[in-house]
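Let's take a walk through this model, one neighbourhood at a time. Keep your viewer open as you read.

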Amino acid sequence: MRILVCISNVPDTTSKITFTNDNTVFNSTGIQYIINPYDEIALSKAVELAEGGKGTVTVINVGDASTEPTIRKALAIGADDAVRINAQPRDAWFVANQIANYAKDQNFDLILTGRESIDYNGAQVAALLGELLNLPSVSIAKKLDIQGSDATIDREIEGGKEVLSVSLPIVVGTAEGVAEPKIPNMRGIMGARTKPLQVVEPIEVKELSTIAKFETPAPRSAVKLVEDVDQLVQLLRSEAKVI
């Protein structure tokens, strides 16, 4: 089985996020980057499925050379080889087109993404890949089992779950529960240095959207301690305006 895992290079969750150029450009100064956590779940599942010679795992990232440490970590976790599309990831449409252009002739049996990236939270790439590659696409997968050429997927839906049976090849957007993230060991870290990393030039993709402005959440107000019930009700009406 040939598995392709799409990974994003995202700011660490502890990073302080700021913007420049009148809040139109993300300020990357001093930011530590990591594999998108949902993509790391997808990668861990792929490594599990391929263990024991059952398959191969290729990771793909759309980004410039600065993303290569993140790609090497994915190789250390257990991927066999990697591809970097040499372009800034403009938006989900751009990223999906770049990945689809590479994958269309590669005959992958399974393409995995995270349910969303933790920087933009768009949850679009898996669905777009399915459309562009004319493959079934299932998102927010909480469980994934492969038997032969069929996949059984537990998918999160409002108020419950649905269980799907889908024939390979497919695209799956993974969420928590599919696999536990793997920590690379020393052997994996050393081996990642020599694993193949192919750099591919991007294709032209029509720009359909641009970011007009970023806004940070309003700062939290000070906490008020209220001991009197009548005062609490009054504050909920006059200040919080929730009743």
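Is F108 buried or exposed? This is a predicted model, and in it F108 comes out at 7% relative accessibility, so F108 counts as buried, the cut-off being under 20%. The charged end of R2 sits over the ring of F108, at 4.5 Å from the ring's centre.

Now for the aromatic pairs. Searching the whole structure turns up three of them. In one, F19 and F214 are stacked, with 4.5 Å from centre to centre and 5 degrees between the planes. That pair bridges distant parts of the chain: F19 belongs to strand β3 (residues 19–20), while F214 is in the loop between β13 (197–200) and α6 (229–238), 195 residues apart. Both F19 and F214 are buried. Another pair brings us back to F108: the ring centres of Y102 and F108 are 6.4 Å apart and the planes make 40 degrees, so this pair is tilted.

Next stop, D91. You'll find D91 in the loop between β7 (81–86) and α3 (92–103). A polar atom of the D91 side chain lies 2.8 Å from the backbone nitrogen of F94, and the side chains of D91 and S209 are joined by a polar contact of 3.1 Å.

Over to helix α1, which covers residues 37–50. How does its length check out against 1.5 Å a residue? The 14 residues should span 20 Å, and the end C-alpha atoms are 20 Å apart, so the two agree. Of those 14 residues, 12 are buried, so α1 is largely enclosed by the rest of the structure. Among the buried ones are charged residues, including D39, E40 and K45, along with I41, L43, V47 and L49. An α-helix has 3.6 residues a turn, so residues three or four places apart point the same way. Just after α1 comes G52, with a positive phi of about 75 degrees.

A123 has a positive phi of about 55 degrees although A123 is not a glycine. It lies in the loop between β8 (110–114) and α4 (125–133), and at 47% relative accessibility A123 counts as partly exposed. N134 also has a positive phi, near 55 degrees, and is a residue other than glycine. You'll see N134 in the loop between α4 and β9 (137–147), where N134 is exposed, with a relative accessible area of 69%.

Last, a cis peptide bond. The bond from L168 to P169 is cis, with omega near 0 degrees, and P169 is in the loop between β11 (160–167) and β12 (170–174).

Note on methods: Residues are numbered from 1 along each chain as its sequence is written. This is a predicted model: local features need pLDDT of at least 70, side-chain atom pairs count only at pLDDT 80 or more; totals for chains, interfaces and linings use all residues. Side-chain values use heavy atoms; hydrogens and water are left out. Rings of Phe, Tyr and Trp (its six-membered ring) pair if their centres lie within 6.5 Å; planes under 30 degrees apart count as stacked, over 60 as edge-to-face and the rest as tilted. Helices (H or I, at least four residues) and strands (E, at least two) are DSSP runs, numbered from the N terminus. Buried means under 20% relative accessible area, exposed over 50%, partly exposed in between (1.4 Å probe, protein chains only). A charge sits over a ring if NZ of Lys or CZ of Arg is within 6 Å of the ring centre and within 35 degrees of the ring normal. A polar contact is a pair of N or O atoms within 3.5 Å; within protein, one must be able to donate a hydrogen and the other to accept it, and residues adjacent in sequence count only if both atoms are side-chain atoms. The expected span of a helix is 1.5 Å times one less than its number of residues.
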